[in-house]
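Please read them with the structure open.

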Amino acid sequence: MNEAIRNFFYPKTVMVVGASTKPGSIGYEFINTIKSCGYKGELLPINPKADEIHGIKCYHTIEEVDKTVDLAVVMVPKKFAEETIDTILARGIKSIVLITAGFKETGEEGAAVEERLLAKVKAAGARMVGPNCMGVIGADPSVSLNATFVAEPVYPGKVGFASQSGALAVTILNQTRITKFKFAHFISVGNKADINENDFLHFWQEDENIKTFAYYLESFINGTEFVKPFILGEVTKPCIVLKAGRTESGMKAASSHTGALGGSDRVVDAILNQAGVIRADDVQEMLDTVRGFENFPVPAGKNVAIVTNSGGPGILCVDACESHGLKLADLSEETRNKLKEIVHPEGSIENPVDLLPGGTAEAFAECCKILTEDPNVDAVINLFTEPVMVKGYPVLEEVNKIESDKPIVQIVYPLPETTPEYWEKSQYQRPLFFTNDAPAKIFENMLFHSKAQKRLTENREEYKRLFAIEGQCLLIS
């Protein structure tokens, strides 16, 4: 496993060059975030005029540090960036995060400085994230590093996430207390002068802490090198990409943002599809799909059963399923007979199963369990609209208790107090969804990945032959 990349997520020592004693400054708040989020390693702030910051011993120079440094974070003003990187490299540090902005994204002069920095980093055998980025997170409980601008608690999970936009990463992190989005690694790649999306593919494939990974990208450094590991079977974990710049105007905006150069969106679509990489349409779909893979088994097929207590949302859920290529499962006679013992006579034992507003937690759970036992059903959606006489939390938690090798995904339209109660009390902490089409899109993406893996496996030798001949990515029907 690449040690320089590993140190971005599992560092035992972190040096911060540009730490500040001034409250409200980036250098001050950055140190505070690392400390308050419970970093387990040793933090080494660098400031020529300070002896301590936030109660942590401060070093006046990089040379003064007499310890092995796994990761150096640089946030000095641009005019000091190059000499700072020179000193870090001379010190033998191999993993660097350059947060400072003002390089390629500002024009030719900035691009020239960025190229010089890159040449020095490569010559030293080091790796650099940035410039113009917001930092990294290593959420493994043995590390608990939040080296970003966002002082939010870290919820450790099994997801690797890389973003070309620092602001988008901030948007996601700012909502973690609400969404409970969990991840293992979180990295803002900025201008991608050195470290880019291709560098994480094999690393995340090999890392047992990662189950799935996702990217927000405005450009590909080398699209062929990105998809090649998927096509050749070197990377098989689910990968979700949110690629911006679908339109000509969007591509221009991306270029002005990070100096990114976009390509034909139709080509991007076709090649990602060929490689079995899931392309999300928006941030919510990306996060929902990641949480789907992390928390639920992949359905064996496209036959879905729905349990609900509300007609309108149930119908909309049916529409969403069919629009995403799923089918309402034909329930067996045995299943309908079992449901008849639970469902109110005025409800429905057909699919979707309607328990009416009075459906209890026990009724929801029993119906979902019965449906998972039907061989005609591949996945279950539990859709609960909270009425005044049935409390939401017991319904959600009773359904969570069901053990099945089929996914049971829950949509909830709750009272305001129900969601906080769920996150506070739930033993299972499985994600909840709040739109009719979220589970359908998750199942569609899961099935796409499953089918793509089968297709890629069956055609592997042909793909290897074509790559060897052409040396480039080909569209293969």
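1. The buried residues of α3 pack against β1 (13-17), β5 (71-74), β6 (95-98) and α4 (108-123). Contact means heavy atoms within 4.5 Å, and buried means under 20% relative accessible area with a 1.4 Å probe, protein chains only. Helices (H or I, at least four residues) and strands (E, at least two) are DSSP runs, numbered from the N terminus.

2. This is a predicted model, in which local features need pLDDT of at least 70 and side-chain atom pairs pLDDT 80 or more, while totals for chains, interfaces and linings use all residues. Residues are numbered from 1 along each chain as its sequence is written, and side-chain values use heavy atoms, without hydrogens and water.

3. Which residues of α3 are buried? They are Ala-81, Glu-82, Thr-84, Ile-85, Ile-88 and Leu-89. Just after α3, Gly-92 has a positive phi of about 85°.

4. Seven strands form an open sheet with mixed pairing, in the order β9-β8-β11-β10-β12-β13-β14. Because β9 (145-147) and β14 (278-279) are at the edges with a single partner strand each, one side of each lacks a neighbour in the sheet. Strands pair if DSSP finds at least two bridges between them.

5. Within this sheet, β12 (residues 212-217) and β13 (residues 239-243) pair in the parallel sense over five bridges. Ala-214 has Ile-240 of β13 as its bridge partner.

Methods. Buried < 20%, exposed > 50% of the residue type's maximum accessible area, 1.4 Å probe, protein only.
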